[in-house]
There are 2 protein chains.
Amino acid sequence: MVQIPNTPAPTSPSAPRSVPTSADVARLAGVSRATVSYVLNNTGAVRISEPTRRRVQRAAEELGYVPHAAARSLRAGHTRMVLMPAPPVPAGPLYSQFVHDFQGALSRLDYTVVQYGASGLHGDEAARAWAELRPVAVLVPGPGLGPQGVAVLKRAGARAVVTLGTEPVDGAHALLTDHAGVGRGAARHLYARGRRRIGVVVPEEPGLEMFSAPRLDGAREAVHGTGATVSPLPLAYTEESAAGLAARWRDLGLDGVFAYNDEYAMLLMSALQDEGVRVPEDAAVIGADDLMLSRLLRPRLSTVRIALPSARGLAELVDRAVRDPGATPESHELFEATVVQRDST
Amino acid sequence: MVQIPNTPAPTSPSAPRSVPTSADVARLAGVSRATVSYVLNNTGAVRISEPTRRRVQRAAEELGYVPHAAARSLRAGHTRMVLMPAPPVPAGPLYSQFVHDFQGALSRLDYTVVQYGASGLHGDEAARAWAELRPVAVLVPGPGLGPQGVAVLKRAGARAVVTLGTEPVDGAHALLTDHAGVGRGAARHLYARGRRRIGVVVPEEPGLEMFSAPRLDGAREAVHGTGATVSPLPLAYTEESAAGLAARWRDLGLDGVFAYNDEYAMLLMSALQDEGVRVPEDAAVIGADDLMLSRLLRPRLSTVRIALPSARGLAELVDRAVRDPGATPESHELFEATVVQRDST
């Protein structure tokens, strides 16, 4: 069944009917609609005399006429819009910075990034909703999109589909986010520091499983066959939850913990300290992301730094893909995970 | 002069020409284009027999046809799109949460929120770029948009324009963000705690002046005429900058500081402690935002909590404005600032 998401409400009879059109501009300027289009779209294809150009521009200004991106994209077959679905969880500091820098880099290449809000649709169904905006490229952060969704987007004119995730998707370029590698690095570090009973924080907040599950798997993999153990530690991002975990700490018999990221590490470390559990002596703690706060905590927090490639490099990848939509999909590692040892491990 | 931002590149000769259209669907299903449109847009206006409906849907699925939002908005005059320009700085934790909740609430009312990336354009020029997408409503976080930009958006069919800022804009609904009130609350609290020489952190990061300037003004206003002083303290979000300020602390002769927000407060407090300046004895420190970290720091950080109205309430305001585009613009206070005293003041 074809589902039609986000169908607009039918035009209400009270809809304003005074939106000026290019025909109004043409009438006021005394030129053809084609001339209006040539002038206002700055196409170099046709020479327009300077007085005519000025007349059209004055008329457009007087009427408050703004070209319709929709109409233009209908003519051109596509827009300069790079669509990014908004992530299903509030953006964290790393992702906010990434989106900000990436937007800046793409805007210097004359694209506009549009973040499309969560619509309650998932995977290939969501792809139909995105396709309706006829983006020239789509960058999908997170899982769910399959080969069918990629095909829907391409048939709707998207010249490039790029996914961020742990696995490539058929037909799309892939930026691989190796969350398992983050967990592997953290657990290896704890093991190297002599820890043998390792806890791994698994946030209880919905939407984070796509990151926490592979991080846990990576930690397990790192100590596989060594005799060391890895135990998942469910933790909500509240002081109560952290205090509860800290109160049980001695019974758990753990000597090290990979705390999912720096923010959960700060939460847990504070609760452990309140409980009299010494960091790192009784519990070595390592976070991830290398946020500023990891350097400000006492003891200073060890962390897994996740270096992203330059926003400019990623923007150029998108631009290359748009220019050559038939090219074989590229696959790139997005994360470079390195352990930064400080005083908490 | 009318500037036409973001003109799409002319169609390249290699543009895919195989994007299926509703005409293709009509041909395959053996029905008229109007019938395809009735079926796929779910308009209840016309009764279509179930076998025909199924034939159209099968044909659309087979061809991979997705309706074009642009074409639909050309017919309907508007979309269900609420456009929010992306802020000029990476989103902080409060704003990320706000956008996330607001998107959810609007999506339950059948709108889609689209965050429009910074285009390098400002104010009324930027409004023209936004207008090209023909959003049904626009929510502008931050200053720059003037009455002219509001008019451009409305002429392009936006039924509601809502600004977030310190002052209302003619023709737009206003959500007033009283940053001065945040500074006022912080300085009043420091004064009440006996502090008379108050520093106010002014972040050096570009794009934050729109928040930091009114916060500083509010702090000055709060102690005006009391004999207490307020001194601006430029600070970059780096350990080096904070260490420099901490090293000069005793020479500055200050006894209290409003640290702009909780993150700058954490940065400064850590540097003061490293320098042997006691918090709160030698320097009372207050932040703003009431982030989780304010409760996790030792001493626990006093802060100005900024309560936002419910996302649902704001979404309903937008919906009301869309339904009644002729209504007199409403003005609402967005912030409710209250001081939370903990151990750092």
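Predicted model: local features only at pLDDT ≥ 70, side-chain atom pairs only at ≥ 80, totals over all residues.
Local features need pLDDT of at least 70 and side-chain atom pairs count only at pLDDT 80 or more, while totals for chains, interfaces and linings use all residues. Residues are numbered from 1 along each chain as its sequence is written, chains are lettered from A, and side-chain values use heavy atoms, without hydrogens and water.

Start with the largest nonpolar core, which has 62 residues. Such a core is a set of buried Ala, Val, Leu, Ile, Met, Phe, Trp, Tyr and Cys residues joined through side-chain atoms within 4.5 Å. Buried means under 20% relative accessible area (1.4 Å probe, protein chains only). A:Leu272, A:Val285, B:Leu272 and B:Val285 have the most contacts inside this core. Elements giving two or more residues to the core include helix 11 (262-274) of chain A and helix 11 (262-274) of chain B. Helices are DSSP runs (H or I, at least four residues), numbered from the N terminus. Beyond four places in sequence, A:Val285 is in contact (heavy atoms within 4.5 Å) with residues including A:Met269, A:Leu272 and A:Leu301.

Now turn to B:Ser212, in helix 9 (residues 209-223) of chain B. B:Ser212 counts as buried because its relative accessibility is 4%. Leaving aside neighbours within four places, B:Ser212 touches B:Val202, B:Pro203 and B:Tyr260.

Last, a helix pair. The axes of helix 5 (residues 93-108) and helix 13 (residues 311-323), both of chain B, come within 8 Å and cross at roughly 55 degrees. Axes are lines fitted to C-alpha atoms over the stretch in contact, with angles from 0 to 180 degrees between N-to-C directions. Residues making the contact include B:Phe98 and B:Phe102 of helix 5 and B:Leu314 and B:Val318 of helix 13.

Technical notes. Buried < 20%, exposed > 50% of the residue type's maximum accessible area, 1.4 Å probe, protein only.
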